[in-house]
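Let's take a walk through this protein together.

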Amino acid sequence: SGDSRPYSSSSSASSDSAAESSEIRMRALAWARGEGFTKEQLTEFDHLMGMATQTHIHKHQLTAMREIDRGSFGKIFVSKLGGDCVAVKQLGTSGQSALKAKMRELLLELRVLVRITHPYVVKFHGTATDFNQSRPGRQPYVGLVFEFCERGSLHKA
């Protein structure tokens with residue numbers, strides 16, 4: 001959903017999606033190995049990436065990104081996804097590996113987000129990732145995409 005690539009049939013769409021998910025996971029695991037993740041961390045990270053690829057949104061689909069807040073997880077942006085206004089909770093990029101430090105927290109949050117749909121809970125659209133290896137030392141991009149709430153954070157109410 002939201003992917004603008006044309007498909008000739010649903011079977012080709014699912015095989016393209018499976019191949020893309022596999023490619024994302026391979027790039028992510030290569031990055032994690034390069035960061036010195038332990039065997040246990042790699043197992044947990046692979047589980048995290050499995051969940052992220054199930055809800056994957058292409059980073060380039062998020063347009064007009066504008067920072068609106070910062071929190072313990074990272075920065076919050078307002079953006080456009082298709083015609084919808086969304087909030088993107090972007091993992092911080094400070095330190096050696098913000099993802100390594102926040103991996104368990106992110107995994108727990110994703111486990112809950114993918115299961116909850118309720119009119120009184122902010123809608124989770126998906127996970128945007130980028131593990132582009134073209135620039136050595138570059139931290140990956142991880143953003144959780146939610147419906148945008150006009151009135152802002154409950155912490156500031």
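Ile76 is partly exposed, at 23% relative accessible area; buried here means under 20%, exposed means over 50%, and partly exposed is whatever falls in between, using a 1.4 Å probe and protein chains only. You'll find Ile76 in strand S3, which covers residues 74–81. Strands are DSSP runs of E with at least two residues, helices are runs of H or I with at least four, and both are numbered from the N terminus. Setting aside residues up to four places away in sequence, Ile76 touches Arg66, Glu67, Ile68, Asp69, Val88 and Lys89, where a contact means heavy atoms within 4.5 Å. Val145 sits 69 residues from Ile76 in sequence, and their C-alpha atoms are 9.8 Å apart.

A word on what you're looking at: this is a predicted model, in which local features need pLDDT of at least 70 and side-chain atom pairs count only at pLDDT 80 or more, while totals for chains, interfaces and linings use all residues. Residues are numbered from 1 along each chain as its sequence is written, and side-chain values use heavy atoms, with hydrogens and water left out.

Now step back to the whole chain. The protein has 3 helices and 6 strands, and from the N terminus they run α-α-β-β-β-β-α-β-β. Of its 157 residues, 37% count as buried. Among contacts with a separation of 6 or more, 58% are between residues 24 or more positions apart. The protein exposes about 9700 Å², and carbon and sulfur atoms supply 53% of that; accessible areas come from the Shrake-Rupley method with a 1.4 Å probe, and for residues only the protein chains shown count as cover.

Next, the charged pairs. The structure holds 7 salt bridges, each being a side-chain nitrogen of Lys or Arg within 4 Å of a carboxyl oxygen of Asp or Glu. One of them joins Glu23 and Arg27, at 3.4 Å from N to O. Both residues lie in helix H1 (residues 10–34), 4 residues apart, or about one turn of the helix. Glu23 is partly exposed at 37%, and Arg27 is partly exposed at 30%.

Another salt bridge pairs Glu44 with Arg104, with the closest N and O atoms 2.4 Å apart. This pair links distant parts of the chain, 60 residues apart: Glu44 is in helix H2 and Arg104 in helix H3.

Salt bridges that share partners join Glu67, Arg70 and Lys75 into one network. Glu67 is one of the residues that Ile76 touches.

Lys102 lies in it and counts as partly exposed, at 21% relative accessibility. Beyond its sequence neighbours up to four places away, Lys102 touches Ser72, Phe73 and Leu91. Lys102 and Ser72 are 30 residues apart in sequence, with 10.0 Å between their C-alpha atoms.

Thr55 is in the loop between H2 and strand S1 (56–58). It is buried, at 15%, and its contacts beyond four places in sequence are Val114, Phe124, His125, Gly126 and Thr127.

Finally, look at Ala64 in strand S2 (residues 62–70). Its phi is near 55 degrees, a positive value in a residue other than glycine. Most residues other than glycine have a negative phi. Ala64 counts as exposed, at 61% relative accessibility.
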